Amino acid sequence: MKGISFRPEMIIALLEGRKTQTRRISANYPYGLYYVKETFRVHPNDVDYAESQDPPDFVSVPVEYKVTPLDCDGFHDCKWRNARYMPEHFSRLKIKITNVRKELLQDISEEDARKEGFDSRQHFMEYWEKLYPSQLIEDVSSWTANPFVTVIDFEVLNWKGEPYAPKQFAEVTP
C-alpha cells in the first residue's frame, strides 16, 4: 500500500475529523487506500523495527507520534523521523480516496476550505502561503500565481481500515 504524508497540524485535523480533503501540487493519486504518514519516533530499544518493512508486534513496539506525544521514559533520547520515512506498519490512520479532480487553487470554496480542516477560505489561503511562500517564476506569492492543483476527497479510516472515530485533542505545537 502506498502512503501519503501530512504535516503535523493536518494530522490533528484528521484525528479530530475536520479534514476530508487535501490539495497537492502536481500529484497523481489514483482512487484506493493509502496509509497516512506522519512524524514519529520509535522507542530506542526497538529502533531496528523503524528500518524494517516487517510489521512488528504492536504491543511490544511503542511508537510515539509528534502530535500526540506519550508520557513514557526513553522516547526523549530518540530523534523524530520525517513522515516520508514512516513504514506502513507504524501508521495509525488510512485514507480511502473517493474523488480526484484538478482545479485552480483560488477556486476553493468556503465549504472545501472546511473540508481541508480550516474554518474559512481566508485561513486556508494564509496556511497555503506559509507552505509555499513564493513561486520561483516572477517571485509572486503561490496564492497569486493560482496554479492548478489536484483536489483529493477521502474518508478517514483507522489502521484496520474501519471507519475512524474522531477525537478532540489539546492544542499541540508541532
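Modeller: The protein has five helices and seven strands, where helices (H or I, at least four residues) and strands (E, at least two) are DSSP runs numbered from the N terminus. This is a predicted model, in which local features need pLDDT of at least 70 and side-chain atom pairs count only at pLDDT 80 or more, while totals for chains, interfaces and linings use all residues. Residues are numbered from 1 along each chain as its sequence is written, and side-chain values use heavy atoms, with hydrogens and water left out.

Biologist: What share of the 174 residues is buried?

Modeller: Buried means under 20% relative accessible area (1.4 Å probe, protein chains only). Here, buried residues make up 46% of the 174.

Biologist: Which residues of helix α4 are buried, and why do they lie on the same side?

Modeller: An α-helix has 3.6 residues a turn, so residues three or four places apart point the same way. In α4 (residues 121-131), the buried residues are Phe124, Met125, Tyr127 and Trp128. They cover an arc of only 165° around the axis, which puts them on the same side of α4; the arc is that of the directions from the helix axis to the C-beta atoms. Their cover includes α1, β2, α3, α5 and β7.

Biologist: Which side chain of opposite charge is nearest to Lys37?

Modeller: A salt bridge requires a side-chain nitrogen of Lys or Arg within 4 Å of a carboxyl oxygen of Asp or Glu. Lys37, in strand β3, is buried without a salt bridge, and the nearest side chain of opposite charge, Glu88, is 9.7 Å away. A polar atom of the Lys37 side chain does lie 3.1 Å from the backbone oxygen of Arg84.

Definitions and conventions
Buried means under 20% relative accessible area, exposed over 50%, partly exposed in between (1.4 Å probe, protein chains only). Lys and Arg count as positive and Asp and Glu as negative; His and the chain ends are not counted. A polar contact is a pair of N or O atoms within 3.5 Å; within protein, one must be able to donate a hydrogen and the other to accept it, and residues adjacent in sequence count only if both atoms are side-chain atoms. Contact means heavy atoms within 4.5 Å.
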